[in-house]
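Visitor: Please pick one part and take me through it closely. I would like its cover, its course and its contacts, with every cut-off stated.

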Amino acid sequence: MEYKIIDLVFPILVHFLALQLTGILGIGDAAFQTMLAAVITMPLFFWLYRKDQNLWRKEKRKITWIQWIIVIAAAAGLNILFSALMSFLVSDYGITSESQDALLSSRMLFQILGMGIAVPVTEELIFRGLVYRKLERYVSVKKAVLLGAAIFAVYHGNLLQILFAFPMGIILNLLYHRFEDLRVPVLFHAVSNLMAVLLAAI
């Protein structure tokens, strides 16, 4: 049991420490710090994912171009919906997120490279490729989807992002379960984040 917990917590802890380190060093703005932590830890998580994949190989399902388009459209549409709900919570209930505001007020280049590319790849390696994949072996799929989403949400650290990240985590877990291909949740995550950047800009 202890091994299973350590196995799940290790990648999350490594990424958390990398985020803290970039914050302490005060290198650049919030988006740059987040991007840097993602880039620094990405090779380790990719190696762990590949190692785990070799032990528990599952055959990838063929993905059609129509399915790729649906994933992109769904990510953009759901982000618009969730962003509207978050705006409602901010305006009517005063729920705010300093970390989200800091990210979206960073330099646009770092928002695009960090939130749009580096962060989705690293977070999907952690939360789908490593954490969710292991949860699926320890508990039922339904419990793995919900527990994995809860871990993903809590890791975002504040109420506003938790409210956004929990349903997104469920969707990302289901996409990974359905396609057995990490590229699908990475694409969904990237499009969603880029849509958030775009909406904040306009």
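Guide: Buried means under 20% relative accessible area, exposed means over 50%, and partly exposed is in between (1.4 Å probe, protein chains only). The model is predicted, so local features need pLDDT of at least 70 and side-chain atom pairs pLDDT 80 or more, while totals for chains, interfaces and linings use all residues. Numbering runs from 1 along each chain as its sequence is written, and side-chain values use heavy atoms, without hydrogens or water.

The part is helix α5. Helices (H or I, at least four residues) and strands (E, at least two) are DSSP runs, numbered from the N terminus. α5 is mostly covered, with 23 of its 31 residues buried.

Its course comes next. α5 spans residues 108-138 and bends by about 40° at V119. A proline, P120, follows within four residues. The bend is the angle between two axes, one fitted to the seven residues ending at the residue and one to the seven starting there. UniProt, in an unreviewed entry, lists 109-132 among its transmembrane regions; such annotations may be inferred rather than shown by experiment. That span is 100% helix and 0% strand, and its end C-alpha atoms lie 31 Å apart.

Now the contacts. A salt bridge here is a side-chain nitrogen of Lys or Arg within 4 Å of a carboxyl oxygen of Asp or Glu. The count comes to five. Shared partners join D52, R133, K134 and R137 into one network.

Take the K134 link. K134 meets D52 at 3.7 Å, N to O. K134 lies in α5 and D52 in α2, so the pair ties together parts 82 residues apart in sequence. K134 is buried, at 6% relative accessible area. D52 is buried too, at 7%.

R137 also bridges to D52, with the closest N and O atoms 2.6 Å apart. This pair again links α5 to α2, so parts 85 residues apart in sequence are tied together. R137 is partly exposed, at 29%.

On the α2 side, Q53 lies in the helix of residues 30-55. Q53 is buried at 7% relative accessibility. Its side chain makes a polar contact with that of R50, at 3.1 Å. A polar contact is a pair of N or O atoms within 3.5 Å; within protein, one must be able to donate a hydrogen and the other to accept it, and residues adjacent in sequence count only if both atoms are side-chain atoms.
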